[in-house]
Amino acid sequence: MLYKFLKPAAFHLDSEQAHNLAISGLERSGQCRASRAVIASLYGLEDPSLAQTLWGLSFPNPLGMAAGFDKNARVIPALAALGFGFVEIGTVTPRPQPGNPRPRIFRLPDDQAIINRMGFPNEGADAVAVRLARLDKRPGKPAIPLGINLGKNKDTSLEDAAQDYIAAFEKLFPYGDYCVINVSSPNTPGLRLLQGADYLGALMAQVQVANQRLAAQYRRQPLPCLLKIAPDLAAEDLEAIGALALGASIDGLIATNTTLGRDGLVCAVNEAGGLSGAPLRTRSTEVIRTLYRIVGKQVPIVGVGGIGNGQDAYDKLRAGASLVQVYTAFIYQGPVIARDIKAQLLQLLRRDGFENVAAAVGVDVY
Ligand SMILES: Cc1cc2nc3c(=O)[nH]c(=O)nc-3n(C[C@H](O)[C@H](O)[C@H](O)COP(=O)(O)O)c2cc1C
């Protein structure tokens with residue numbers, strides 16, 4: 001309700017200014033136990049049939065906040081109170097970097113879409129580790145899984161990229177429940193070349209060696225290491241990635257990041273960057289379906305791209321995603337989105353006679 005009144009004002013601001021204001025507001029409200037409880041009472045909705053265990057982690061529901069929204073890990077408690085079943089922070093690079101010049105986020109309201117060319121602005125792995133360490137010590141630490149999305153700095157060459165992912169991983173390992181190797185942002189020059197099967201195999205193998213070493217150092221299990229891919233990959237690339245994932249080094253796949261495509265847009269916004277939101281929905285679901293045909297349930301898939309309601313989330317689950325994430329629709333619909341999507345998803349599961357979320361995963365594929 002409040003968002004209905006605030007949204008017109010927020011949409012008059014520059015997109016990034018509006019985002020920063022939202023992050024500050026969520027950060028403040030997430031710091032106080034009473035306000036978290038109020039938010040949870042307004043927006044919370046849990047049901048045992050939405051819960052799942054994947055990689056040994058308990059997800060209270062399948063809807064997560066996608067990477068890029070909380071780049072510096074400032075609003076995890078607020079997002080948990082809003083009813084998200086998991087949160088992925090980042091992309092975090094080893095060293096802080098400012099990202100591309102502003103403006104770099106563009107709204108396309110008639111398309112329910114966004115174009116961004118942020119270029120991984122973030123405070124760097126050291127600063128994010130300090131914030132996560134503080135959160136770890138707080139009594140109100142959210143009980144939902146936390147994903148750590150990792151990237152390389154812009155000025156690191158592609159040959160040295162693995163060192164960057166590992167450097168950031170080393171700093172953030174103690175605080176994450178899963179990690180994501182992001183090779184699919186269109187806004188870091190050359191990054192997507194890392195999706196080539198040869199390079200990817202070597203990169204993921206090196207990440208897993210670091211994972212084993214860190215697990216021994218911190219006396220805990222290695223983290224599940226997921227790979228986040230672009231929607232613009234050709235069928236052969238998806239085949240190669242799927243095959244690689246069936247080997248030992250990829251524990252999960254996140255499909256997809258933003259697209260360089262511009263098909264079907266109503267708004268005449270001619271900006272460079274990655275397109276997200278409704279126009280991405282069909283393609284990302286196709287990518288999920290293609291991957292699921294290859295990896296089945298052996299390698300869990302996180303579906304993301306254009307989800308705006310329960311039906312969209314349900315379609316991705318039925319195409320093979322075990323979990324789903326949103327970002328762009330949160331900008332357009334506001335904080336009520338997690339509750340609404342979960343309520344609609346529950347209705348759809350019941351309508352079709354599925355006992356729980358897991359039972360619906362991949363049913364459209366075979
Ligand atoms: C402004 C903006 C910034 C983003 N930053 C990141 C990022 O840092 N790392 C990443 O892996 N994905 C990033 N994404 C991509 C989202 O995580 C997601 O994959 C994509 O937007 C598709 O989901 P959506 O249609 O629900 O937005 C960003 C998206 C947007 C709109």
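Helices (H or I, at least four residues) and strands (E, at least two) are DSSP runs, numbered from the N terminus.

Before going further, note two ground rules. This is a predicted model: local features need pLDDT of at least 70, side-chain atom pairs count only at pLDDT 80 or more, and totals for chains, interfaces and linings use all residues. Residues are numbered from 1 along each chain as its sequence is written.

Now show all of α8, residues 235-246. The helix has 12 residues and reaches 17 Å from its first C-alpha to its last, close to the 16 Å expected at 1.5 Å a residue. The expected span is 1.5 Å times one less than the number of residues.

Which residues of α8 are buried? Select L238, I241, G242, L244 and A245. Look down the axis of α8: these buried residues fall within an arc of 160°, so they line one face of the helix. The arc is that of the directions from the helix axis to the C-beta atoms.

What covers them? The cover includes α7 (197-218), β9 (225-229), β10 (252-255) and α9 (281-295). Contact here means that the C-beta atoms of two residues, placed from the backbone, lie within 7 Å.

**Second stop: the strands**

Select β9. 5 of its 5 residues are buried. C225, L227 and I229 are on one side, with L226 and K228 on the other. In a regular strand the side chains alternate between the two faces of the sheet.

Strands pair if DSSP finds at least two bridges between them. Find I181: its bridge partner in β9 is L227.

I229 has A255 as its bridge partner in β10. Both faces of β10 are covered: G252 and I254 are buried on one side, L253 and A255 on the other.

Stay at A255. A cis peptide bond joins A255 and T256, with omega about 15°. T256 is in the loop between β10 and β11.

Select α9. Its 15 residues reach 21 Å from first C-alpha to last, close to the 21 Å expected at 1.5 Å a residue. Its buried residues include R281, V287, L291 and V295. The buried residues of α9 pack against α8, β10, β12 (301-304), α10 (310-318) and β13 (321-326). Just after α9, G296 takes a positive phi of about 55°.

Select the ligand. How many residues surround the ligand? There are 28, and the closest are A66, G68, S276, Y327 and T328.

The shell divides into 12 nonpolar, 14 polar and 2 charged residues. Ala, Val, Leu, Ile, Met, Phe, Trp, Tyr, Cys and Pro count as nonpolar, Asp, Glu, Lys and Arg as charged, and the others, Gly among them, as polar.

Pick G68, in the loop between β3 (63-65) and α4 (76-81). G68 is buried, with 25 other C-beta atoms within 10 Å. G68 touches T91 and Y327, not counting residues up to four places away in sequence.

Most residues other than glycine have a negative phi, and most peptide bonds are trans. Select Q112, in the loop between β5 and β6. Its phi is near 50°, a positive value. Q112 counts as buried, with 20 C-beta neighbours inside 10 Å.

Jump to R219, in the loop between α7 and β9. Phi of R219 is also positive, near 50°. R219 counts as exposed, with 6 C-beta neighbours inside 10 Å.

Finish at P103, in the loop between β4 and β5 (105-108). The peptide bond from R102 to P103 is cis, with omega near -5°.

Notes
Near = placed C-beta within 6 Å. Buried ≥ 20, exposed ≤ 12 C-beta atoms within 10 Å, placed from the backbone.
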